[in-house]
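Hi,

Here is the structure I promised to pass on. Could you open it next to this message and read along?

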Amino acid sequence: MIRSLITFKNPKSKASESFRTLRTNIQFSSVGKNLKMILGTSSAPSDGKSTIISNLAITYAQAGYKTLLIDCDLRKPTMHKYFVISNNTGISNYIINDDDIKNYIQATSVPNLEVVASGPIPPNPSELLCSDKVKLLFQSLKSTYDIILLDAPPVIAVTDAQILATLADGVILVAPHSGVEKRALAKAKELLDNVGANVLGVVLNKVPEHSEIRYYGKGYYYGQYNSYYTK
Ligand SMILES: Nc1ncnc2c1ncn2[C@@H]1O[C@H](COP(=O)(O)OP(=O)(O)OP(=O)(O)O)[C@@H](O)[C@H]1O
Ligand SMILES: [Mg+2]
């Protein structure tokens, strides 16, 4: 539910501030470059990809950016649940049908934020995402929106995120503070590097309240949402 997204529920919270910091860091990481499309992925399931990318989308929208969030997790779609919109149709239909993307763009209760849901789960997500239609769609959307965020499956399990990474201008890797295997994170980075992805940094998620990380480097401690953003 949209109410469970902290940046919507409580924009003044420290957690929401951490998302604004993340947004600023992304902007600064791309001075001189036109970062219009950002993909969120991680090494493993349940790391917090969808949580981070949806809060980041809200944060961009709140700053006045014309924002589009596309649920490119065609295997385990969740954006429709967060934003309480329909998943009867979505990007999977668009790719298969000869249709206008406008028919799949849904408004949300967040001003400036629109969402394309995933749609019915197809048998062949990677093939669909590989199609020229997706490439052309993303190119045209980039001229309509200020910023586009993509949610995706984990990068190690399936190739979808790698495919999307080649189309995105930047990738953020989400990693839970505890439980992430360094080897898995390195593997995720390697897989993204292999396709020439522009990995902007790592968002360290689920950092415990009293973690030391809040006191050093660029660590940001904010409630349960904790972003550590670095190159
Ligand atoms: N910082 C956080 N604090 C507390 N709970 C969190 C945090 N980040 C994510 N969660 C919770 O962890 C669960 C998994 O999060 P989420 O669905 O965002 O992960 P995911 O990486 O997108 O998973 P999947 O691989 O299934 O797509 C959800 O119940 C979410 O509410
Ligand atoms: Mg997810």
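Let me start at a loop: Ser 46 sits in the one that runs between strand S1 (37-42) and H3. Helices (H or I, at least four residues) and strands (E, at least two) are DSSP runs, numbered from the N terminus. Ser 46 is not a glycine, yet its phi is positive, about 65°. With 58% relative accessibility, Ser 46 counts as exposed; buried means under 20% relative accessible area, exposed over 50%, and partly exposed in between (1.4 Å probe, protein chains only).

Before going further, two notes on the background. This is a predicted model, in which local features need pLDDT of at least 70 and side-chain atom pairs count only at pLDDT 80 or more, while totals for chains, interfaces and linings use all residues. Residues are numbered from 1 along each chain as its sequence is written, chains are lettered from A and ligands numbered from 1 in the order in which they are written, and side-chain values use heavy atoms, with hydrogens and water left out.

Now the overall picture. The protein has 9 helices and 9 strands, and 56% of its 231 residues count as buried. Its accessible surface is about 10400 Å², with 52% of that belonging to carbon and sulfur atoms (Shrake-Rupley method with a 1.4 Å probe; for residues, only the protein chains shown count as cover). Among contacts (heavy atoms within 4.5 Å) between residues at least 6 apart in sequence, 77% join residues at least 24 apart.

Next, the largest pocket, which holds about 280 Å³ of space. A pocket here is an open set of points on a 1 Å grid over the protein atoms alone, where a 1.4 Å probe fits, with protein on both sides within 12 Å along at least five of seven lines; lining residues have an atom within 4 Å of a point. The volume is the space filled by probe spheres set on the points, which are joined across faces, edges and corners. There are 17 lining residues, and those closest to the centre are Ser 46, Lys 49, Ser 50, Asp 73 and Lys 76. By class, the lining has 7 nonpolar, 5 polar and 5 charged residues (Ala, Val, Leu, Ile, Met, Phe, Trp, Tyr, Cys and Pro are nonpolar, Asp, Glu, Lys and Arg charged, and the others, Gly among them, polar).

Helix H3 (residues 49-62) gives the most to that lining, with 3 residues. From first C-alpha to last, the 14 residues of H3 reach 20 Å, close to the 20 Å expected at 1.5 Å a residue (1.5 Å times one less than the number of residues). H3 is mostly covered, as 12 of its 14 residues are buried; among them are Lys 49 and Ser 50. After H3 comes Gly 64, with a positive phi near 95°.

Ala 57, also in H3, is buried, with a relative accessible area of 0%. Beyond its neighbours within four places in sequence, Ala 57 is in contact with Thr 67, Leu 69, Leu 113 and Leu 149.

Finally, have a look at Leu 68 in strand S2 (residues 67-71). Leu 68 is buried too, at 0% relative accessible area. Leu 68 and Ile 148 are 80 residues apart in sequence, but 4.7 Å apart in space, C-alpha to C-alpha. Leaving out residues up to four places away, Leu 68 touches several others, including Ile 105, Glu 114, Tyr 145 and Ile 148.

Best wishes
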